[in-house]
Amino acid sequence: LKYRDEYRDPDAARRLAAAIARTATRPWTLMEVCGGQTHAILRFGLDALLPPAVSLVHGPGCPVCVTPVEYIDKAIEIAREPQVIFCSFGDMLRVPGTRGDLLSAKSRGADVRIVYSPLDAVAVARAAPGRQVVFFAVGFETTAPANAMAAYRARRDGIANFSMLVSHVLVPPAMRALLEAPGNRIAGFLAAGHVCTVMGYEEYEPIAARYRVPIVVTGFEPIDILEGVYLCLRQLESGRAEVENQYARSVRRGGNEAAQQLIREVFRIVPRRWRSIGDIAESGFGLADAYREFDAETRFGAVRSGEEATSECLSGLVLRGEKKPSECPAFGTRCTPERPLGVTMVSSEGACAAYYRYRGAAGDGR
Amino acid sequence: MTDGNGLALSCPAPAGQADTVQLAHGGGGRAMARLLDTIIRPGFADAEIERRHDGAVLAVDRHIAFTTDSYVVRPLVFPGGDIGTLAVNGTVNDLAMCGARPLCLSVGFILEEGLPIDLLRRIVASMRTAATAAGVRLVTGDTKVVDHGKADGMFVNTAGIGSIVASAPIGPEMVRPGDAVVLSGDIGRHGIAVMAAREGFGFETAIESDCAPVAAPVLALLDVGIEVHCLRDLTRGGLASAAVEIAEASGLAIALDEAAIAVPDEVAAACELLGLDPLHVANEGRFIAFVRGEDADRTVAALRRYPVAAAAAKIGNVRAGPKGQVSCRGPFGAARAIDMLSGEQLPRIC
């Protein structure tokens with residue numbers, strides 16, 4: 001398969017692993033930001049190719065995991081309204097709110113539909129003018145352009161029965177929050193390649209300079225990730241802290257200008273609460289004033305901020321890279337994908353789910 | 001049917017005959033008799049069905065395998081097959097997995113009011129074709145009609161019997177450490193074909209379901225005297241579920257080699273886009289066979305003589321432990337754990 005197999009070449013992987021081993025002279029902790037990268041690391045056992053001195057910790061880049069519980073509750077509340085068709089990406093359906101998830105609301109009669117693109121939800125609204133169609137717009141910068149396009153089209157074409165429940169989040173503010181946390185041990189980042197495909201990487205340059213951390217924009221295939229690790233270590237060992245682009249086949253410094261323009265038209269920057277992490281200033285997108293009428297919160301009432309139920313779940317520590325899933329006492333015993341205690345075990349991109357899926361109930365990764 | 005182009009392709013309809021299924025078609029009266037007489041009995045064309053008795057009477061002289069399965073696929077027609085081919089081949093394959101030569105099937109239809117009669121006729125015809133291809137008879141049946149909205153067009157149940165050919169028991173309890181795991185072909189075609197037809201992804205895929213009977217290659221293994229320990233067809237849940245079921249039931253470990261498992265490019269590409277693992281994607285014409293390690297090459301060679309198993313390959317082996325575990329060695333040498341899906345397969349966000 002072209003554009004895939006060349007990035008899964010075992011010989012290239014061995015060469016990079018050898019280069020990494022030669023480069024690392026002391027212990028370093030690196031964080032891969034995106035859940036997709038975490039999955040590739042576990043799926044291919046890339047951590048086993050690294051020398052013991054190099055440790056990868058897993059970042060908060062799982063949109064499903066960080067969507068606040070009160071938004072899940074609101075989604076379920078809206079979906080239960082008889083006139084509503086509630087459209088969502090598939091992996092939001094199993095995420096637990098305070099009481100149940102969208103999948104169980106569906107089984108009790110709510111019209112919940114999986115869509116593959118937000119524009120499909122606009123098409124559903126167009127085809128069902130007598131119903132209210134609500135799309136659950138979540139994700140990082142990666143999904144923002146397509147979600148913005150849905151709102152843009154609905155407004156342009158006067159599709160009055162379409163609205164979006166928006167809980168978008170942004171990567172750079174989360175990276176800052178992690179770096180400012182007491183006891184931070186992250187020495188370098190593998191930044192999320194697809195986020196940077198949209199946004200470019202200029203906004204990461206002040207972070208690299210201010211916190212003295214190398215940031216390598218990295219892709220998602222095994223060779224991408226190993227190369228990202230290598231470039232990051234090379235900077236660390238030579239005392240540099242810059243933004244470097246490993247994923248040049250997809251990412252330009254300025255990003256995708258057209259997508260950014262659309263995002264600026266439809267969204268504005270808002271404070272966000274991150275599930276299991278907490279409030280982060282200016283860390284999300286909400287709909288701009290011109291799109292207020294397409295905001296599901298305008299139509300169905302504002303999301304009420306609630307308290308997260310406390311449990312033994314360590315997903316907050318996992319999302320901040322402070323613990324590995326296998327270090328959680330509940331992992332694989334009291335917490336499994338069948339009976340999850342927290343979102344990181346639910347989502348297909350969650351770190352706990354990745355450990356369970358690829359390492360089994362013992363999760364005995366390094 | 002007259003919708004669409006206004007052209008009636010069927011015979012001129014006598015008074016009261018509709019072009020869609022009506023509740024009366026299940027009511028036990030004239031309408032039902034007409035449906036059975038014009039569509040179903042002629043479609044299946046079997047002497048036992050033509051007897052119009054309450055059941056089929058069959059002569060059986062040895063151990064038989066007996067199985068049943070219900071089919072609820074949406075859409076009813078998909079690239080490479082339809083619910084009818086699925087219902088025949090699925091039960092034929094379950095019988096083959098018992099080491100049996102499939103003989104006869106029953107067919108139970110639950111039809112939704114409003115189902116186009118032409119679609120029913122088409123599905124009955126493809127059941128007949130599939131039965132002929134698999135060498136089984138459709139000998140008895142039942143038809144019910146439910147209100148509009150109570151079924152996805154139609155549901156089909158088939159039950160079947162087959163005569164046991166294998167001289168030794170076949171099942172998970174017969175699997176031994178050192179056994180080879182042989183896969184009969186590439187994986188994932190059915191699941192991706194149906195998903196693409198159902199969801200309308202907006203990307204072109206030419207992939208067709210692998211729906212096919214696999215009894216012939218299975219019987220060939222037994223004919224040439226290969227000691228088959230266990231057989232399992234890969235259906236929902238894919239290769240992963242089949243392997244995990246056998247590992248758990250046998251209390252042994254199964255080690256697979258990813259490089260040996262053939263995945264068609266179109267399936268691999270669709271899985272990459274949707275965030276699915278091909279090992280979890282459904283198949284309808286593939287199976288795994290557990291044979292003695294030294295019989296692996298003979299097994300592969302015997303299977304490859306049949307078009308449906310032309311890409312058969314050894315994909316792994318059985319180990320004593322860890323008990324109930326399935327692992328898969330990837331391109332970089334590290335093995336990952338393989339488990340069943342914990343819920344429905346849901347495409348990821350990005």
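Start at the interface of chain B and chain A, where 3 residue pairs are in polar contact, both residues at pLDDT 80 or more. A polar contact is a pair of N or O atoms within 3.5 Å; within protein, one must be able to donate a hydrogen and the other to accept it, and residues adjacent in sequence count only if both atoms are side-chain atoms.

The model on screen is predicted: local features need pLDDT of at least 70, side-chain atom pairs count only at pLDDT 80 or more, and totals for chains, interfaces and linings use all residues. Residues are numbered from 1 along each chain as its sequence is written, chains are lettered from A and ligands numbered from 1 in the order in which they are written, and side-chain values use heavy atoms, with hydrogens and water left out.

**Stop 1: the chain B side**

Helices (H or I, at least four residues) and strands (E, at least two) are DSSP runs, numbered from the N terminus. H8(B) provides the largest share, 5 residues. By type, this side of chain B has 13 nonpolar, 3 polar and 9 charged residues. Here Ala, Val, Leu, Ile, Met, Phe, Trp, Tyr, Cys and Pro count as nonpolar, Asp, Glu, Lys and Arg as charged, and the others, Gly among them, as polar.

**Stop 2: both chains together**

Now show both partners. In contact (heavy atoms within 4.5 Å) are 25 residues of chain B and 36 residues of chain A. Together the chains bury about 2,600 Å², 61% of it on carbon and sulfur atoms. Buried area is the accessible area (1.4 Å probe) lost on being put together, summed over both parts.

**Stop 3: a salt bridge**

Pick Asp277(B) and Arg357(A). Their closest N and O atoms are 3.7 Å apart, and they form a salt bridge. That term means a side-chain nitrogen of Lys or Arg within 4 Å of a carboxyl oxygen of Asp or Glu. Chain B and chain A have 4 salt bridges between them.

**Stop 4: the largest cavity**

Which residues lie nearest the centre of the largest cavity? Select Cys313(A), Leu314(A), Cys328(A), Cys335(A) and Cys352(A). Helix H14 (315–319) and helix H15 (343–346) of chain A each give two or more. The lining divides into 11 nonpolar, 3 polar and no charged residues.

Conventions: Buried area = accessible area lost by both parts, 1.4 Å probe. 1 Å grid on protein atoms, 1.4 Å probe; cavity = no way out; pocket = protein on both sides within 12 Å on 5 of 7 lines; lining within 4 Å.
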